[in-house]
Amino acid sequence: MKPITILAPGTLHLPLYAKMYEMLGNTTNIRLLSLDSWLREQVEFPIQNNLSLLYQYRKQLSSLSAANSFFESREDYDFLRDCLDFMSKFFLYELSIEDLPQNTKRDKDLLEVISLLKDIPRIEQAYVSTDFERLDLSGLWILDKNYSIEEMKILERLKKGGARVLKSIDEISGFSMDAANPSKDLKTNPDKDPLSESLLPINRYYWSTSNPRTQMEIIADTIITENMSAEDIFIVLSRPEDASVLSQVFEARKIPLTLMSEPSISPVLSQWKAALLFVADKSRENLMNLLKELYPQTSTQLRNYMDLFPEGSDLEHLEYTPNPLISEFEFENMRSMELQMQPWLPIFEKMKTWKANDATMLDIGDLIQKANPSPSEDDIRIFDGISRLYGDVRSEIHSELDLPLLIRHLDSLYPNSALSECTGVLAGSKKEISPLHKTVFYTGADAAHFPAFSMNGGIFDEAYMQKIKKGYPSLSDRLSLQRNALFHSLEIPKELYVMVPQADYEGKSSDTSYEMFTWMNAHPKFQHWKDSSWYIKPDFSLSEEISSQLFFPEKTFNASLSSLNAYDMCPLKHMLQYGLKLKKPYVLEERLEVKAEILKDVIESSNLWYQRPVWALSKEEVRFLVSRQFEFARKVFKDKTEALEILELEYVQKILEMVRILRPITKKLNASLIPDQAKIKISENKDGMQMDIEGFVNRSSKNRTPFLLVNPENGETSGSCEITPDSDQNDRSAFHEAMAALDVSLSQKPVQNKAFSISMGRGKKPVCANEFTHEQLDQEFITQFLKDAIKGQNMPETDTFEGEVIRKKTPSYEKTVEQARSAADDFIKSLSHGCVLPLHKANACKFCAFKSICRNGSQERTQESTRQAFAEYDRKNELAAKKAAKADHRHPVEASDHEDQDLNETERVNRIDASPVI
Ligand code: SF4
C-alpha cells in the first residue's frame, strides 16, 4: 500500500483534513504537505531559515567596497530582504552572473552585491539539481489552485514525474486503501494541463454594490436566503482591511466565519519586540513602550511616575506644606505611587543592565511568562517561535548592533499560515480558491484590486529584471501565466459571485475591472440593499419618580450655582455629575502646573513680609515671595530645578503684569483686593416646594482665584460677602459689603499685537498706513488681557480704562440672583418631567468626561434641535401615558387629546419653548 501525499497550502490543511475525515473516516495513508515542506523532504540540504540567511548576507556584504552605492544599506533589513528574494530567483531560474545587467553604475554595484551573495548556498540550488522527473511521483497529488509563477515552474516538473492534479474534492473518495491506484471512474487525466482546461462554473454572478460594507451584507443575506452550507463557502478578500467589516456583518447574523489571516490578539509578539527594542536602544521612549506592552494595567501609573520622577523620588518622610503647585491630594497620590513603585524598582534596575546575550533573553522570557500567567495557544506558539528564531541566530548576535535584523524579522512570524481551528465560512485570499469550496464570493474585484498581478519591486524592480539577458521570463510571459492561473482558479468553484463595490467608504468611486468585465462578458448588475439602521439613538429620560428622588427629595430643591450652570451647559452632563454623582477620572498631571492661588498667596504675604501692598514691591521682592511658594515643589521634584526656575520667572512676570493692570482700578476706587468669595443665597417656597440655592459668584478653581474689592476706609476689612435677596429689595445693604467680586486667572492666552493699520482712501481720507502708538498697543493688549483673565461681578464705574473693560461684561449682583432664579425655575420644570437630554451648549463637550455615555445622542442646542428633541420627548411621554391608561382600563387618552386640542399651535410651541435649554 503506497501512501498518498496531497500538496496544498498550510492554510487549507485543516479544512482538507475535515473533508477527508467526512469522506473516508479515519485515514492513515493520506498526508497533507505544503509544497515547500515536501520539497525540503526530497532534497538533502541543511535547514536554513530566512533570518539566518539575512545574517549570513549581512556578514558577506561587510566586504562590499566603500564606493558601492549600496554600502550604507548593507545592514539594512529591507535591502537584505530584497537581496534574499532576488537570490531565490537567481538560483531557481539558473541565472548566470554574465547575463546580469552591467550598463549603469547601479547595475555594476548590484552585480558586486550578487557576486558576493551567490557564494552562500540556497535550497533552490538543490531543487534545481534534483531530478524530480525521474522520481516515482504517482502517489503525489497537487491541489488545484492559483499557484505563483515560481511554484508553477516546480509543479510542472513534478507533473512530469507522475504527480496528478486534484481538481475535484470528490476525487478524494476514490482514494481507496490501494491509494496509488485510485478508482477507475475518476475523471482525472494526468496528461492534461489543468491550466488549459476550463471547468467553467455552473453559476456565475457579477454584482455591483454601493460600498464595501453593503457587499458584505449582500453576501451574508445571499448565504441565508439561498440556504447555503457554510463549510462549502469561501470568500476572497481583495482588501484585507475588509475582514473586520465581514466579521461584524457575519457576527450580526450568527454566520460562523474563519479568517485565514486573522490579526493576532496575542500580546507576546509585541512584548518581545518592545523588550528587544529596549535592549538595542535604552531610550526613555523605548522603556515607556516596554512598560505599556508588559504591564498594560499598571503601566499608566508606572509611566506617570517615571515621567514625574525620572530619577526616582523620596517622598516618604517629606511633610506636606500648602503651596500653589502641588495640592495635598496630589501629594498623597504621588506618595502612593512611590509606594506602588517599590516592587518594580528591582525590575527596572535589572532592565537597565540588559545586553544582547542569552541571559537577557532568559530574563525577557521570564518577564513575559509572568506577564501572561494564563497564555493562550497563540501566545505559546509565538513565544516558542521567537525562542526558536533566536536559537537559530544566537551565534550571529554579539552586541546590541546585531539586534535590529532579529527585531524586524519578528513581524514575519505573524500571521501564521496554519489555522488552529476552522469553522463555517472560510475567508482568505485569491490564492486559496480551491476545489474544497463549492461556492466562492470574490469581493472587491474593482480595477484597483483585480487582477492585481505581482510584479518585481524594490531594488530588483522590473526595470532591472527586464535587463537580464536570458533565463528570466519576460514581463508579458509572467503576466500571461498569472492571468491563466487566476482565471483558471475562478473556474474551479461550482458557483462564483464576483462583487464590485462602486465606491469606497469615503465615497470615492471605484472603476470596473476591464479584465473581469471581459471574462464575464457582462457589466456588473447593481444589487440594492436596504440599510436597517443599527445605530439606535440612546434614549435619555428619567421617570418622574427617579427624577424626584434624585433632585427633589421630600419636595425640596437644593442646588448650587455651579450645578445650575452645569445643567445649562448640558442637562445630561448635569444628571451624571450631580444626580448620579459620577466622578471625573482623576489624572495626575505629569507637567508642572502652577495654580492661580499663587496670586492670592503673594498678595497676602506681601503685607506680612514687607508691610506694603504688592503693587508697591520691587521685582526682586515679588520674586522672593514667588520663590517661597516654590520651596515645597523643589523638595518634591529634586531633578526638575531648571524647569521650576523657568516657571518661577514666568509667574513673577505674570503677577507683576496683573498688578500693573489692576492698580488703576483699586487706586480710583480707593479699594483693596482681598482674597475671598462672595456668596449668593436664595431661599424661598416655590409652588409648595422649598427651594434653596447657594453658591459663590466668583470662582475658586485650578485656573482662577477669587477676590473681593473692598474699601477699608468704609470699615470693610473683612472679605466676607453674603448676598441674600430675601432682604428688602430697597435695602441694598446686603449687596454693599464688597464693591465687586472678581475671579482672576494667570493662564492667559498670548495676545497678538498689530504693527499698523491701513486706511483704504475712501472719502477724503488719503490712502495711508498708520503705525500704532505705544499707548494704543498697550490699550489693545490690556483689553484682550482683561477679557481673558478677569471675570467680575457688580463692578462699579471707575472712570478708568481698565475698570470699564471689566465693567462691560460684568453683571450686577441683582442680575446674578435673577439669573439663578430663572435657571432654577427652568431646572425644576424640566427635571420634574425627567428631561435629561444631551442638548449641549456649543463647546460644552470639549472637555466633558462623559462623552462615552451620551455617544451619538449628543446634539448642539439650537431652536430647531430643541424643538425636535422635545417634540419627540412629548410623543414618547404620550405613548407611555396611553399604555398606562390602557393598563388602568381608564380613558385618559381622549382627555389628554382634548387637552392638547385646546391649545393652539402657538401655545403648543410655547410649551415646548418653555423648556430650559432654549
Ligand atoms: S459630551 Fe456633550 S452632550 Fe455628552 S454629556 Fe458631555 S456635554 Fe453633554
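Reader: Among contacts in the protein chain between residues at least 6 apart in sequence, what share join residues at least 24 apart?

Author: The share is 76%. Contact means heavy atoms within 4.5 Å.

Reader: Where do these values come from?

Author: This is a predicted model, where local features need pLDDT of at least 70, side-chain atom pairs count only at pLDDT 80 or more, and totals for chains, interfaces and linings use all residues. Residues are numbered from 1 along each chain as its sequence is written, and side-chain values use heavy atoms, with hydrogens and water left out.

Reader: How many helices and strands does the protein chain have?

Author: The protein chain has 35 helices and 23 strands. Both are DSSP runs, numbered from the N terminus: helices are H or I with at least four residues, strands are E with at least two.

Reader: And what part of the chain counts as buried?

Author: Of its 918 residues, 46% are buried. Buried means under 20% relative accessible area, exposed means over 50%, and partly exposed is in between, with a 1.4 Å probe and protein chains only.

Reader: How many residues are in the largest nonpolar core?

Author: The largest nonpolar core has 185 residues. Those with the most contacts inside it are I6, F86, L158, W272, L406, V636 and L709. Its largest share, 11 residues, comes from helix α27, residues 641-669. A nonpolar core is a set of buried Ala, Val, Leu, Ile, Met, Phe, Trp, Tyr and Cys residues joined through side-chain atoms within 4.5 Å.

Reader: Why would such side chains sit together?

Author: In soluble globular proteins, nonpolar side chains tend to be buried together.

Reader: Back to V636. What does V636 touch?

Author: V636 touches F309, L315, L318, I326, F331 and M334. That leaves out residues up to four places away in sequence. There is also a second, separate core of 42 residues, which includes C570, M575, C848 and F850.

Reader: Which residues are around the ligand?

Author: They are C570, P838, H840, A844, C845, C848, K851, C854 and S858.

Reader: New topic. Which residues of α13 are buried?

Author: E330, F331, N333, M334, M337, E338 and M341 are buried in α13. Seen down the helix axis, these buried residues fall within an arc of 160°, so they line one face of α13. The arc is that of the directions from the axis to the C-beta atoms.

Reader: Which exposed residues are on the face turned away?

Author: That face of α13 carries the exposed residues F329 and L339. What covers the buried residues includes α12 (299-308), α14 (345-352) and α26 (631-636).

Reader: What about α11? Where do its buried residues pack?

Author: They pack against α10 (268-280), α12, α14 and α15 (358-371). The buried residues of α11 are N286, L287, M288, L290, L291 and L294.

Reader: Is N286 buried or exposed?

Author: N286 is buried, with a relative accessible area of 13%. N286 touches L277, F278 and D281, not counting residues up to four places away in sequence.

Reader: And L656, what does that one touch?

Author: L656 touches K619 and V622, again not counting residues up to four places away. L656 lies in helix α27. At 23% relative accessibility, L656 counts as partly exposed.

Reader: Now the loops. Which peptide bond is cis, with omega near 5°?

Author: The bond from F450 to P451. P451 is in the loop between β9 (439-443) and α18 (462-465).

Reader: What is the phi of N227?

Author: N227 has a positive phi of about 55°, although it is not a glycine. N227 is exposed, with a relative accessible area of 68%.

Reader: Last one. How far apart are the C-alpha atoms of C422 and P15?

Author: They are separated by 6.6 Å, while the two residues are 407 residues apart along the chain. C422 touches L14, P15 and T258, not counting residues up to four places away in sequence.

Technical notes. Near = heavy atom within 4 Å.
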